[in-house]
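Please read them with the coordinates open.

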Amino acid sequence: MKFFIDTANLKEIKEAHDLGVLDGVTTNPSLMAKEGITGHDKIMQHYVDICNIVDGPVSAEVISTDFEGMVREGEALAELHENIVVKIPMIKDGVKALKYFAERDIKTNCTLIFSAGQALLAAKAGATYVSPFVGRLDDISTDGIDLIDQIRAIYDNYFFETQILAASVRHPMHIIQCAEIGADVMTGPLKSILALLNHPLTDSGLAQFLADYQKGNK
Ligand code: G3P
């Protein structure tokens, strides 16, 4: 399973990259705003800065909601760097834009996926990735992990090449459950990735090993 980090924070991207397990980055307009990155030129430069840290796919989201606007924005984003993946919302014009980009070998990530039907449409349109939002479904008392399972079954039935990018991951159990199901990618915050490190028996075991070493080497 590939690990993407879901942030526009350069320090966190660098930390995950330095850990050696980072395969790519996803961003969205909310994450950019959270870092204070506003205005067209600053946003475009920020994508380039991210691409200069991570040698892997970097999702950059369009803000247009009409086909022509998405095409215009997506083409400009794709020009920025070869690793840019154009992030397109799951709306009617978005489906058309996915098809347009697929025909031109421009990689896409269809975002705001909340149902199997939406994931099926995105795959039919040739999306490179689909982003089902696991945490936001959990937020409304619907099991987000079940959706990953459903999409995996559908894609496997028809050998769709679209990759399942489990998004809105909030904690380590989401990551483990996505891995069990066979999501191709998960994207989450740094804290969820780092939480995979933790086990109290690791901590106490290491403390014991170090204490025994000290005793033996007095
Ligand atoms: O990748 C989508 C993600 O940014 C949404 O996460 O935690 O805002 O639901 P969240």
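1. Ile 50 is buried, its relative accessible area being 0% (buried means under 20% relative accessible area, exposed over 50%, partly exposed in between, with a 1.4 Å probe and protein chains only). This residue belongs to helix H3; helices are DSSP runs of H or I with at least four residues, numbered from the N terminus.

2. The model is predicted: local features need pLDDT of at least 70 and side-chain atom pairs pLDDT 80 or more, while totals for chains, interfaces and linings use all residues. Residues are numbered from 1 along each chain as its sequence is written, and side-chain values use heavy atoms, with hydrogens and water left out.

3. Apart from neighbours within four places in sequence, Ile 50 contacts Ala 8, Leu 10, Ile 13, Val 25, Thr 27 and Val 58 (contact means heavy atoms within 4.5 Å). Between Ile 50 and Asn 9, which lie 41 residues apart along the chain, the C-alpha separation is 8.9 Å.

4. On the H3 side (residues 40–53), Met 44, Tyr 47 and Val 48 meet Ala 76, Leu 77 and Leu 80 of H4. By class, this contact has six nonpolar, no polar and no charged residues (Ala, Val, Leu, Ile, Met, Phe, Trp, Tyr, Cys and Pro count as nonpolar, Asp, Glu, Lys and Arg as charged, and the others, Gly among them, as polar).

5. The disulfide count is zero, a disulfide being a pair of cysteine sulfur atoms within 2.5 Å. For Cys 110, the closest cysteine sulfur is that of Cys 178, at 17 Å, too far for a bond. Cys 110 is buried at 0% relative accessible area, and Cys 51 is buried at 6%.

Technical notes: Axes are lines fitted to C-alpha atoms, for helices over the stretch in contact, and angles run from 0 to 180 degrees between N-to-C directions. Helices (H or I, at least four residues) and strands (E, at least two) are DSSP runs, numbered from the N terminus.
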